[in-house]
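The following note sets out several points for a student who is reading this structure closely. Please keep the sequence and the model at hand while going through them.

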Amino acid sequence: MMKNSVTTKFPRRYAKICLSQKGELNLAKRIFISFLILTFVILTAISSSKANRYEELLGEYTSTFEKALAQVNLTLSDVTFDINDRNIWGGDKFRLRFFDTLIENPFKIRKYIPLIADNAVTNAGDLPMLITIAQSRLNYGIRLGLVSDPLELYKKKLEETLPENYLIDGISSLYKVTNQSLTDTERSYITQTSTGIPVELGKSTALFLYALADIITYRNFALKSVSDFIQKSEITDTVDTFVRSAAEEIENEALEKDLGFAYFTEYLLDNFDFNYLNTGGELLAFVTKEMLNQLTTSEFKGEFSFTFETPYGVIALNGNQQDSYASGMPYLLVIDTGGNDTYFGGAGNVSMQNPVSALIDLKGDDVYQNEERLIPSFGAGVFGYGFLFDLDGKDSYSSEFVSQGAGIFGVGVLFDKAGNDTYKGVSNVQGAGTYGTGILSDIGGNDYYECYQLGQGYGFTKGVGLLLDSSGDDRYTANDTDIRFPSSQTKEHNSSLAQGCGFGRRNDYLTGHSWAGGIGMLFDVVGNDNYSCGVFGQGVGYWYGTGILLDKAGDDTYKGIWYVQGASAHFALGIVEDLEGSDRYTASMNMAQGAGHDFSIGWLHDSSGNDTYKAPNLSLGGGNANGIGIFWDEKGDDSYTSSGTTLGKANPPGGGLRDIIICLGLFADTGGNDTYPADVPIAGNNKSWSQFGETEGKRLPAVKGVGIDTIVVGSL
């Protein structure tokens, strides 16, 4: 039999048929040689393609990583999980293609994540693009404006409308959606009370109302295949039910307490049309973008007020006076042109009959305080769309649950353009997507974010959560002093599931109805920032979820407890990318700073700066139970303090098939004069080392740990 090599000699039986009696090449030999040449070319091209692929991803550091892995007979392409090995354990229903892309080649992370973040940063003020960027990480990418202007018909209708009729025509068009018409009394009321409304404000409102029929139609199409099921179920208030489940405890625990609710939710996940949902959300984003363009080029003076209740909610248009907006009110559209206002509600779908809720505040130091803890608010889309835009002022946001950029079978957005702002919430807040999209984009100011769990860039099944802060010295806190959600790892700390967390429903030990996790992303652009959390946070993934934290610049501080700072558990991805600055990382208990557990990959890459790492067991490139942990500090004079399974080391998986499936810890410091712990003598400047896993005194070939330190590129 031929060996798997193009240089192998021909067996004699082939030689006989390839040579004529005169020793000349016959047709068979020419064909066979041509086949070998073609095979050689293809194999060479494949090999070259793989090499080029890693050179593109790792650049000048490619050979350094190759040298490190060669110590344990691995190549760069070996740093992955065979999908067939993962499939043995299953449980990946609703798995995302984006997850597959990165877990199959983790070295793509170095290029892919900064590019995605750059794209988001560039479009931080462009809501349609920001929504597209977030949702394209799911399997439901919509790009409405790619070919033509999605607002063309509505703009044409505006041109055909007399300015004095903007409001009454816009409201009349909305009524047609419900096969109703305005009464004479209502027409008279609108005419009399809207006389003081500036023309540009009426124009923006009319554009919103003209488009609303299509936005609601898309939302209803999303529900079409599940509406009968919802009506026949015992759930009487769908919005309230899902808000309660998101508020009371971690997603998994809420679902396991009520199997009927879990069945109901899975049916929705199987049949709800997220493409239609996202189409409506993106259309609303284009509409509100155009409204902002119109409103910000106009100057609104004086005080005025207009309020009207439609079948889909209340329209409220107010001037520069100080206004107060009621809690629990089903607002359809709020536009406030100035004043220091107080909002007790708004920009949240309070019921299934309130599918759209948009709020635009142009100026003022405003207070957003929702005292009704179980009513969505301030950029919360629940089976619909909740958008909030605050364009100026020092603002404070306070609400407990499902708020500040949260989506549950919906799209929720909070956009704050300027000011030193404060955001406080408990759960499902500040860029949280649970079966939907949640986005918080803050453009300017030194901001403070506080939640307890499920926030600050959190994605559950079929969900994406994005928190994007473009500038300022910011502080991100997942409260770990008031223990309201004690972790199963340690009851003395909260389960944070925040600051770039992708989370899924693990159910293999119960009914087997596991759901792959979503995507949570936190991108901070510039500033000296502070991140703190309890258990599960700061670029963490669980059960096929993907959690990403990227900080682009600044001297930053990271503090957490367990499963933090580029860590992951159970078929997941946890990623931290810090691109500039001298940073301090501290984790106190376990699994941190590039640590993977149970078919997961944990990744921490710090590009530059003189950094300090205080790490626990299973850290700094630690692999556990067939996990892959990758730690890479690219440049700078760094300091490491750690013990246990650390600095490129892996633990034995525990027997059976797992003992022959990869478990890897990879540590790389590729620049600078560094300080290592004295009790890890194998590590040091300009050294490479390997640490094999053993059980009962026997080395397990699949369990490998490697480390490498170079003072400059290629110096080893």
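Predicted model: local features only at pLDDT ≥ 70, side-chain atom pairs only at ≥ 80, totals over all residues.

1. Rings of Phe, Tyr and Trp (its six-membered ring) are taken as a pair if their centres lie within 6.5 Å; planes under 30 degrees apart are called stacked, over 60 edge-to-face, and the rest tilted. By this rule the count comes to 60 aromatic pairs. One of them joins Y613 and Y640: the ring centres are 5.1 Å apart and the planes are at 10°, so the pair is stacked. Y613 lies in strand β36 (residues 612–614) and Y640 in strand β40 (residues 639–641), so the pair ties together parts that are 27 residues apart in sequence. Helices (H or I, at least four residues) and strands (E, at least two) are DSSP runs, numbered from the N terminus.

2. Residues are numbered from 1 along each chain as its sequence is written, and side-chain values use heavy atoms, with hydrogens and water left out.

3. Are Y613 and Y640 buried or exposed? Buried means under 20% relative accessible area, exposed over 50%, and partly exposed in between (1.4 Å probe, protein chains only). Y613 is buried, at 0%, and Y640 is buried as well, at 2%.

4. A charge sits over a ring if NZ of Lys or CZ of Arg is within 6 Å of the ring centre and within 35 degrees of the ring normal. The charged end of R137 is placed in this way over F98, 5.4 Å from the ring centre. R484 has its charged end over the ring of Y452, 5.0 Å from the centre.

5. F98 belongs to helix α5 (residues 97–104), where F98, F99, D100, L102 and I103 are buried. Among the elements that cover these buried residues are α4 (83–89), α6 (109–122) and β25 (519–524).

6. N428 is located in strand β15 (residues 427–429) and is buried, with a relative accessible area of 0%. Contact means heavy atoms within 4.5 Å. Leaving aside neighbours within four places in sequence, the contacts of N428 include E251, F401, T434 and Q453.

7. In soluble globular proteins, nonpolar side chains tend to be buried together. A nonpolar core is a set of buried Ala, Val, Leu, Ile, Met, Phe, Trp, Tyr and Cys residues joined through side-chain atoms within 4.5 Å. The largest such core has 167 residues, and those touching the most other members include F107, F208 and Y435. Helix α11 (residues 199–223) gives the largest share of this core, 12 residues. A second, separate core of 36 residues includes A316, L359, L388 and L620.

8. Most residues other than glycine have a negative phi. N179 has a positive phi near 55°; N179 is found in the loop between α9 (166–177) and α10 (184–193) and is exposed, at 73% relative accessibility. N626 has a positive phi of about 65°. N626 lies in the loop between β38 (622–624) and β39 (628–633) and is buried, with a relative accessible area of 0%.
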